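Open your viewer, get the selection tool ready, and let's take a walk around this one stop by stop.

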Amino acid sequence: MKKFIKEFKEFALKGNVMDLAIGVIIGAAFGSIVTAFTDDFINPLIACIGGGEIGGTIKLGDTGQYLNWGHFLTAVINFIIMAFCIFLMMKAVNKLMSVGKKKEEEAAPAEPSAEEKLLTEIRDLLKEK
């Protein structure tokens, strides 16, 4: 049981899992912002341009059923805005991660090649003579 708990702890604390959890939480919170933006800004703008209401419905014959195309269009617009914002966030995170890796690579001195080591040994031997 202890091994199982240890493996779970290692898994849960990996960077990828933590990033995913943070992404899900931020995505859920960001969803309401995107929905409000779409409902309060995008839909009225489309209604002004098109001359109609974006939240329209179509009655399907005498069945009493309605096709709520406005709600579907709002969901599609929400998805596109969210996907674009997540793309921009991930692009920024990847850029920050690459900058951090470059700094680590610059900070660590490069290991001398085998040829350089051999030349150093030869130089040291010649100095001794």
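One definition before we start: a residue is buried under 20% relative accessible area, exposed over 50%, and partly exposed in between, using a 1.4 Å probe and protein chains only. You're looking at a predicted model, where local features need pLDDT of at least 70, side-chain atom pairs count only at pLDDT 80 or more, and totals for chains, interfaces and linings use all residues. Residues are numbered from 1 along each chain as its sequence is written, and side-chain values use heavy atoms, leaving out hydrogens and water.

**Whole chain.** Switch to cartoon and you'll find four helices and two strands, in the order α-α-β-β-α-α along the sequence. Helices here are DSSP runs of H or I with at least four residues, strands are runs of E with at least two, and both are numbered from the N terminus. Of the 129 residues in the chain, 9% are buried.

**Stop one: the salt bridges.** Side chains of opposite charge can pair when their charged atoms come close. A salt bridge here means a side-chain nitrogen of Lys or Arg within 4 Å of a carboxyl oxygen of Asp or Glu. The whole structure has two of them.

Select Arg-123 and Asp-124: their closest N and O atoms sit 3.4 Å apart. Asp-124 is partly exposed, as its relative accessible area is 34%, and Arg-123 is partly exposed too, at 44%.

Now pick Lys-117 and Glu-111, whose closest N and O atoms are 3.6 Å apart. Glu-111 counts as exposed because its relative accessible area is 64%, while Lys-117, at 41%, is partly exposed.

**Stop two: the largest pocket.** A pocket is an open set of points on a 1 Å grid over the protein atoms alone, with protein on both sides within 12 Å along at least five of seven lines; lining residues have an atom within 4 Å of a point. The largest one has a volume of about 400 Å³, that is, the space filled by probe spheres set on its points, which are joined across faces, edges and corners. Select Asp-19, Gly-23, Met-89, Met-90 and Val-93, the closest to its centre of the 15 lining residues.

Which helix gives the most to this lining? It's α2, with eight residues. Helices α2 (15-50) and α3 each supply at least two.

Ile-86 lies in helix α3 and is partly exposed, at 39% relative accessibility.

Select Trp-69, Phe-72, Leu-73, Val-76, Phe-79 and Ile-80, which make a nonpolar surface patch of about 600 Å². Patch members have over 30% relative accessible area and no salt bridge, with nonpolar side chains (Val, Leu, Ile, Met, Phe, Trp, Tyr) joined within 5 Å and like charges within 9 Å. Areas come from the Shrake-Rupley method with a 1.4 Å probe, and for residues only the protein chains shown count as cover. Finish on Ile-80, in helix α3 (residues 69-107): its 52% relative accessibility makes it exposed.

Technical notes. On a 1 Å grid over the protein atoms alone, a cavity is a set of points where a 1.4 Å probe fits but cannot get out, and a pocket is an open set with protein on both sides within 12 Å along at least five of seven lines; lining residues have an atom within 4 Å of a point.
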